[in-house]
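Here is a short note to read beside the model. Please keep the sequence at hand.

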Amino acid sequence: MDWDRAKNYTIILFVFLNLFLFICNIWFDKRYVIDDGNIDSIKSILSKKNIELTADIPRDYKPMVQINFNDCVYDTINLQKVFFAKNEDVKRISDFEKQVLTSENEKITIFNYAVEFEKQDLSFDGTFNRENLLNISNSYVEKLSEFYDGLELYSINFINGECTIEYVQKYRNEDIFNNYVKFKFKNTGSMNVKFKYFPVKNMYGEAVNICSADEALFIFAQNVEKTDKKITITGVKRGYYFGDSEKGGNVVSVPHYRIETAESENPFFVNAYDGGIYK
């Protein structure tokens, strides 16, 4: 047997096989991509509903798996290290629903599924601007990240003397919308922080087809309350989310589209599996 010739045939076979797989991957990717025509169509549909889309939308919608979470547990000592200064005189009050830690001008409230922090004597170094507020929020998130992984800057918005800065967990390049820390600053010198975090256990199950972003926007348009006022969509992102009714010892999250509007502080969520919409 001519081994050199057989080896050459094998190499050629592998080259053609890799080329075939490469072409298949390109076809697969294009199969799950929204084209410009679809975007123009959904903008037209939204316009008829007096809804304006000002944000970019995710173009791809390849099948996605589910994510499993552990129940959230907040360590009182760690949170005190994050939000209070060292050697600060802290008073504690506990009941069945929450724990409260207070100092002279600060308060941490620890609920079963969320943490809130209030500070009333905040200094903005004389300027209420993006740079100063990000420095403040980043300093807290840096401390939180010692205990809670993956928090990244998600958005920053200024409205009527208030600034909201939100960080969302990134896990394997996916946004986890239930895991976040949100800062609300007022130019009068106060800060309110809301924090939620469910530790990721794993991704599991087979990848399932999801709806595209334009389909999610269509669902949003069909479910939004009818009004003469214009609605402006300022953000459309895809990630993982679960509602309050799904919380428990074994939390399961499926892909959702997060739709933000200028008219509402709370985003809308469209289930990318079944098209259900939540707020």
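In which strand is K182 found?

1. K182 is found in strand β9, residues 174-186. Strands here are DSSP runs of E with at least two residues, helices are runs of H or I with at least four, and both are numbered from the N terminus.

2. This is a predicted model, in which local features need pLDDT of at least 70, side-chain atom pairs count only at pLDDT 80 or more, and totals for chains, interfaces and linings use all residues. Residues are numbered from 1 along each chain as its sequence is written, and side-chain values use heavy atoms, without hydrogens and water.

3. The protein has five helices and 15 strands. Of its 279 residues, 41% are buried (under 20% relative accessible area; exposed is over 50%, partly exposed in between; 1.4 Å probe, protein chains only).

4. K182 counts as partly exposed because its relative accessibility is 21%. Beyond neighbours within four places in sequence, K182 is in contact (heavy atoms within 4.5 Å) with T164, I165, E166, N192, V193 and K194. L153 lies 29 residues away along the chain, and its C-alpha atom is 9.9 Å from that of K182.

5. Now the core. F183 and F185 touch the most other members of the largest nonpolar core, which has 67 residues. Such a core is a set of buried Ala, Val, Leu, Ile, Met, Phe, Trp, Tyr and Cys residues joined through side-chain atoms within 4.5 Å. A second, separate core has six residues, including Y154, V168, F177 and Y241.

6. On contacts between residues at least 6 apart in sequence, 61% join residues at least 24 apart.
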